[in-house]
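Here is a short report on selected local features of one structure. Keep the sequence and the 3D view open while reading.

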Amino acid sequence: IINRINNLNVDVLMLQEVDETLIPMDWTSGTLPCGFTLHNFTFFHSFGRTLSNQMEGVGLLLRNDVIRVDETIPPVYIQRCEETGWKNAIIVHAYHISNPSQRIALISVHLSYNNATARAQLLTMILTHIHTPHVILGADFNTQPNESTMQILDAVLASRNIYRIPTNVPTAKENQETCEIDFVAISTSLTGRLMEVGNVPDNMEAVYSIGNGNAEGSDHAWVVVECEIANASL
């Protein structure tokens, strides 16, 4: 995963189901437990303790040389609870160095697997913490485009002029069936285009097999989107 992150060469990464064995909560720079190094990123996270007693949740990685955090708006760490379906979210307001006046809310969230009501509740909760018309949200929606729940989630996003960018290909596998559940959503004030969707592993063993043809370290595919903002893209 760390190799893939470094090779993607992107400005912002939204991670879901990340845990302290990959990126420790107190990590700021240097070598990670896996022995690899993340280059030139600042890490924000919202973790909670799982039933297996492990700290896990969502994260944001912001590239230091192009993304600056808005120090006037504190990051928001939404903790797992029954209302959120025991899922986390992280919200950071930041700006691209080419345009300090354009604040962008960067969001990573993992929506509930088995509680459709909690998915909408968490998404609604997130939107109350946004202080700019410019939003980029990366999420495991745990919902496919043809499900009725997605219409509800899309309506929640549309209430703040945010829309999902379709992938039109599978991004994960559930019960041996591929599914399209991972998306980037952006404000209508921004222009975004899908650049890449990574590989969906054949099975969990293939996820971690070094040298496996489609192993990228995750059981979900990477979704890479380019967003054009004033004077720059990220």
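## Aromatic pairs

The model is a predicted one. A search of the whole structure turns up two aromatic pairs. Phe 43 and Phe 47 form an edge-to-face pair, because their ring planes stand at 65° with the centres 6.4 Å apart. An angle over 60 degrees is what puts a pair in that class. Both partners are buried: Phe 43 has a relative accessible area of 10%, and Phe 47 comes in at 5%.

Phe 141 and Phe 183 also pair edge-to-face, with ring centres 5.6 Å apart and planes at 85°. What does this pair tie together? Phe 141 sits in the loop between β8 (135-140) and α3 (148-158), while Phe 183 belongs to strand β12 (residues 182-187), so the pair links parts that are 42 residues apart in sequence. Phe 141 is buried, at 0% relative accessibility. Phe 183 is buried as well, with a relative accessible area of 2%.

The charged end of Arg 164 sits over the Phe 183 ring, 4.6 Å from the ring centre.

## Helices α2 and α3

How do α2 and α3 run relative to each other? Their axes cross at roughly 10° and come within 10 Å, with α2 spanning residues 116-127. The two helices are therefore roughly parallel. The cut-off for that term is an angle under 35 degrees.

The contact draws on named residues from each helix. From α2 come Ala 116, Arg 119, Ala 120, Leu 123, Thr 124 and Leu 127. From α3 come Thr 149, Ile 152, Leu 153, Val 156 and Leu 157. Sorted by class, the contact of α2 with α3 has eight nonpolar, two polar and one charged residues.

## Positive phi angles

Most residues other than glycine have a negative phi. Two residues in this model deserve a look on that count. Asn 9 has a phi near 55°, a positive value in a residue other than glycine. Asn 9 lies in the loop between α1 (2-8) and β1 (12-19). Is Asn 9 buried or exposed? Asn 9 is exposed, with a relative accessible area of 58%.

Glu 17 also has a positive phi near 55°, and Glu 17 is not a glycine either. Glu 17 is placed in strand β1. Glu 17 is partly exposed, at a relative accessible area of 40%.

| Pair | Apart in sequence | C-alpha to C-alpha |
|---|---|---|
| Ile 78 and Asn 175 | 97 residues | 29 Å |
| Gly 35 and Val 225 | 190 residues | 28 Å |
| Met 14 and Val 184 | 170 residues | 9.1 Å |

Start with Met 14. This residue is located in strand β1. Met 14 is buried, with a relative accessible area of 18%. Which residues does Met 14 contact, leaving aside neighbours within four places in sequence? The contacts are Gly 59, Leu 60, Leu 106, Ile 107, Ser 108, Ile 136, Leu 137 and Gly 138.

Ile 78 belongs to strand β5 (residues 76-78). Ile 78 is buried too, with a relative accessible area of 6%. Not counting residues up to four places away in sequence, Ile 78 touches a set of residues that includes Ser 46, Thr 84, Lys 87, Asn 88, Ala 89 and Ile 91. Leu 122, Met 125, Ile 126 and His 129 are also among the residues that Ile 78 touches.

Gly 35 is found in the loop between β1 and β2 (41-49). Gly 35 counts as exposed, because its relative accessibility is 53% and the cut-off for exposed is over 50%.

Conventions:
Residues numbered from 1 in each chain as written. Predicted model: local features only at pLDDT ≥ 70, side-chain atom pairs only at ≥ 80, totals over all residues. Heavy atoms only, no water. Phe/Tyr/Trp six-rings, centres within 6.5 Å; stacked < 30°, edge-to-face > 60°. Buried < 20%, exposed > 50% of the residue type's maximum accessible area, 1.4 Å probe, protein only. Helix = DSSP H or I, 4+ residues; strand = E, 2+ residues; numbered from the N terminus. Lys NZ or Arg CZ within 6 Å of the ring centre and 35° of its normal. Axes fitted to C-alpha atoms, helices over the stretch in contact; angles between N-to-C directions. Parallel < 35°, antiparallel > 145°, perpendicular 65-115°, else oblique. Contact = heavy atoms within 4.5 Å. Nonpolar A, V, L, I, M, F, W, Y, C, P; charged D, E, K, R; others polar.
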